[in-house]
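Good morning, colleagues. I would like to take you briefly through a structure that may be new to some of you.

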Amino acid sequence: MMINKSACMDCGRGRWPHRNMSSCYELPHRYMRWNTLFSLVPLGISCIGSLVTITIMGIFFKHHDTPVVKASGRELSYMLLFGILICYTNTFVLLAMPGVIICACQRFGVGFGFSLIYSALLTKTNRISRIFDSASKSARRPGFISPKSQVVITCFLVSIQVAATVVWLVIEAPGARFD
């Protein structure tokens with residue numbers, strides 16, 4: 001903004017001078033809008049993925065006592081499906097208007113969803129590997145392969161991610177800022 005013919009004054013952060021340089025106006029906040037193609041495509045995929053995941057969870061729940069569901073590891077399969085559902089629903093949080101709560105949910109949700117998925121997969125894979133490895137060595141059953149211990153191992157692995165995210169939220173407070 002012009003003070004006189006030879007001097008100007010800064011409008012300040014988030015403001016811009018009018019064409020005649022007599023005053024300043026607030027710059028509009030720009031963020032991803034829900035009605036653009038760049039938002040609608042991920043939202044559509046997220047809705048379809050969420051519906052498919054919920055349907056599969058329902059099928060697993062309906063047939064939870066069948067040998068196929070038991071063999072796949074019900075508890076870890078539920079955790080895996082829940083992690084996938086969290087990842088799909090994170091799309092809505094990532095496209096929401098930035099704010100303190102939304103930014104905190106973005107930080108927590110993405111890490112939590114993926115750590116739940118990868119922890120469940122790692123625990124399932126490790127269990128199967130240990131079963132086959134011990135079968136070639138002895139007839140004794142390996143330890144920590146019960147469903148309860150598998151859930152505890154997965155929750156422990158996820159808690160590491162949760163603790164790291166909480167520390168990050170404390171050290172650097174979430175929030176929107178001008179760029």
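**Aromatic rings, a surface patch and a helix**

Let us begin with Phe114, which is partly exposed, with a relative accessible area of 39%. Please keep in mind that this is a predicted model.

Phe114 contributes to a nonpolar surface patch of about 460 Å², together with Leu94, Val110, Tyr118 and Leu121. Which helix gives the most to this patch? Helix 4 does, with 4 residues.

Tyr118 also lies in helix 4. This tyrosine is exposed, because its relative accessible area of 54% is over the 50% cut-off.

I turn now to the aromatic pairs, of which a search of the whole structure finds 4. One of them joins Trp34 and Phe92: the pair is stacked, at 6.3 Å centre to centre and with 25° between the planes. Trp34 belongs to the loop between strand 4 and helix 1, and Phe92 to helix 3, so this pair ties together parts that are 58 residues apart in sequence. Both residues are partly exposed, Trp34 at 38% relative accessible area and Phe92 at 28%.

The rings of Phe114 and Tyr118 are stacked as well, since their centres are 6.2 Å apart and their planes stand at 20°. These two residues are 4 residues apart in helix 4, so about one helical turn separates them.

Finally, helix 5 covers residues 147-171 and reaches 36 Å from its first C-alpha to its last, close to the expected 36 Å. Its buried residues are Ser149, Gln150, Thr154, Val158 and Thr165. Their cover includes helix 3 and helix 4.

Conventions
Residues are numbered from 1 along each chain as its sequence is written. This is a predicted model: local features need pLDDT of at least 70, side-chain atom pairs count only at pLDDT 80 or more; totals for chains, interfaces and linings use all residues. Side-chain values use heavy atoms; hydrogens and water are left out. The expected span of a helix is 1.5 Å times one less than its number of residues. Buried means under 20% relative accessible area, exposed over 50%, partly exposed in between (1.4 Å probe, protein chains only). Contact means heavy atoms within 4.5 Å. Patches are made of residues with over 30% relative accessible area and no salt bridge: like charges are joined within 9 Å, nonpolar side chains (Val, Leu, Ile, Met, Phe, Trp, Tyr) within 5 Å. Accessible areas come from the Shrake-Rupley method with a 1.4 Å probe; for residues, only the protein chains shown count as cover. A salt bridge is a side-chain nitrogen of Lys or Arg within 4 Å of a carboxyl oxygen of Asp or Glu. Rings of Phe, Tyr and Trp (its six-membered ring) pair if their centres lie within 6.5 Å; planes under 30 degrees apart count as stacked, over 60 as edge-to-face and the rest as tilted.
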